[in-house]
Amino acid sequence: LERVAAQDGVERAALSIRHPYQGGQGSAPFTAEQTQQELWRGKGEVAYSTAVGPNFFAYVAAKSLEGPDFTEEDKAGAPKVAIVNRNLAHRLWPSGGAMGSCLFFSELEGCYRVIGVLGGVWKLQALKRDKMTVYVPLAQATEAVPGALLVRTRGSVGPMLAPLRSTVQSVVPNLPAVTVARARDLVAGEFRPWRLG
């Protein structure tokens, strides 16, 4: 992350467990007021949880985020925090008051304090932004392994692709493969029918 962020032409960089448009892990967070069964049993849907590093929301230009982005201080051993999107906030706290509240993933894991509420998210399908989603800091997700390095460039991204690939491979030479792709190419297949229409 440090080597890539220091490259000329890189505006910001962030780590994530997966790229922004991939679905997270199925999850059923609950609150101190309502149990997991009360909130999710028989509803036919789940929330998605995913782990991201500092600057992730700046990378995706999440202008709808109410509250702070994750920072380097949100690390293992620090108080656990989370950011939820509005649809999940409404499910967990239908009367409002998500900010500062506790959510839980299990009886054993303890409270994740909600520090932010996000507007829409792109999960599974870029054109469907209503998926209920909770984000936790990568450093506090003990079993999470970063699978994506997200880079926003100042100019055209094309000339940056090869240098970025080389930098990652030089730092972690035993990676079986390094795939470098533009974010818009990851969702091009979904938008193509709309553009043709």
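What follows is a short chat about a predicted model.

Colleague: Let's start with helix H5. Which of its residues are buried?

Modeller: H5 covers residues 161–171, and Leu164, Thr167 and Val168 are buried in it.

Colleague: Where do those buried residues sit, seen down the axis of H5?

Modeller: They fall within an arc of 95°, so they line one face of the helix. An α-helix has 3.6 residues a turn, so residues three or four places apart point the same way.

Colleague: And what covers the buried residues of H5?

Modeller: The cover includes helix H1 (2–5), strand S1 (10–16) and strand S8 (148–153).

Colleague: What about glutamine 7? Where is its place?

Modeller: Glutamine 7 is in the loop between H1 and S1.

Colleague: Is glutamine 7 buried or exposed?

Modeller: Buried. Its relative accessible area is 18%, and the cut-off for buried is under 20%.

Colleague: Which residues is glutamine 7 in contact with, leaving aside neighbours within four places in sequence?

Modeller: Met160, Pro163, Leu164 and Thr167. Leu164 and Thr167 are among the buried residues of H5.

Colleague: Now past H5. Where is alanine 177?

Modeller: Alanine 177 is in the loop between H5 and helix H6 (183–186). Alanine 177 is exposed, at 55% relative accessible area.

Colleague: How far apart are alanine 177 and arginine 165 in space?

Modeller: They are 9.6 Å apart, C-alpha to C-alpha. In sequence they are twelve residues apart.

Colleague: Change of topic: the largest nonpolar core. Which of its residues touch the most other members?

Modeller: Trp40, Val84, Leu88, Leu92, Leu103, Val134 and Val136. The core has 25 residues.

Colleague: Which elements each supply at least two residues of this core?

Modeller: On the helix side, H2 (36–40) and H4 (86–92) do. Among the strands, S3, S4 (81–85), S5 (102–103), S6 (112–118) and S7 (133–137) do.

Colleague: Pick leucine 92. What is it in contact with, leaving aside neighbours within four places in sequence?

Modeller: Leucine 92 is in contact with Pro29, Phe30, Thr31, Gln34, Leu39, Trp40 and Leu103.

Colleague: Then alanine 98. Where is its place?

Modeller: Alanine 98 is in the loop between H4 and S5. At 9% relative accessibility, alanine 98 counts as buried. Leaving aside neighbours within four places in sequence, alanine 98 is in contact with Ala89, Trp93, Val114 and Val117.

Colleague: What about pockets? What volume does the second largest pocket have?

Modeller: About 520 Å³. Of the 23 residues that line this pocket, Gln25, Glu109, Tyr112, Val136 and Ala141 are the closest to its centre.

Colleague: How do the residues of its lining divide into nonpolar, polar and charged?

Modeller: Ten are nonpolar, eight polar and five charged. Strand S2 (25–27) and strand S3 (47–52) each supply at least two residues of the lining.

Colleague: Last one, asparagine 55. What is its phi near?

Modeller: Phi of asparagine 55 is near 80°, a positive value in a residue other than glycine. Most residues other than glycine have a negative phi.

Colleague: And where does asparagine 55 lie?

Modeller: Asparagine 55 lies in the loop between S3 and helix H3 (56–59). Asparagine 55 is partly exposed, with a relative accessible area of 37%.

How values were computed: Residues are numbered from 1 along each chain as its sequence is written. This is a predicted model: local features need pLDDT of at least 70, side-chain atom pairs count only at pLDDT 80 or more; totals for chains, interfaces and linings use all residues. Side-chain values use heavy atoms; hydrogens and water are left out. Buried means under 20% relative accessible area, exposed over 50%, partly exposed in between (1.4 Å probe, protein chains only). Helices (H or I, at least four residues) and strands (E, at least two) are DSSP runs, numbered from the N terminus. The arc is that of the directions from the helix axis to the C-beta atoms. Contact means heavy atoms within 4.5 Å. On a 1 Å grid over the protein atoms alone, a cavity is a set of points where a 1.4 Å probe fits but cannot get out, and a pocket is an open set with protein on both sides within 12 Å along at least five of seven lines; lining residues have an atom within 4 Å of a point. Grid points are joined across faces, edges and corners, and a volume is the space filled by probe spheres set on the points. Ala, Val, Leu, Ile, Met, Phe, Trp, Tyr, Cys and Pro count as nonpolar, Asp, Glu, Lys and Arg as charged, and the others, Gly among them, as polar. A nonpolar core is a set of buried Ala, Val, Leu, Ile, Met, Phe, Trp, Tyr and Cys residues joined through side-chain atoms within 4.5 Å.
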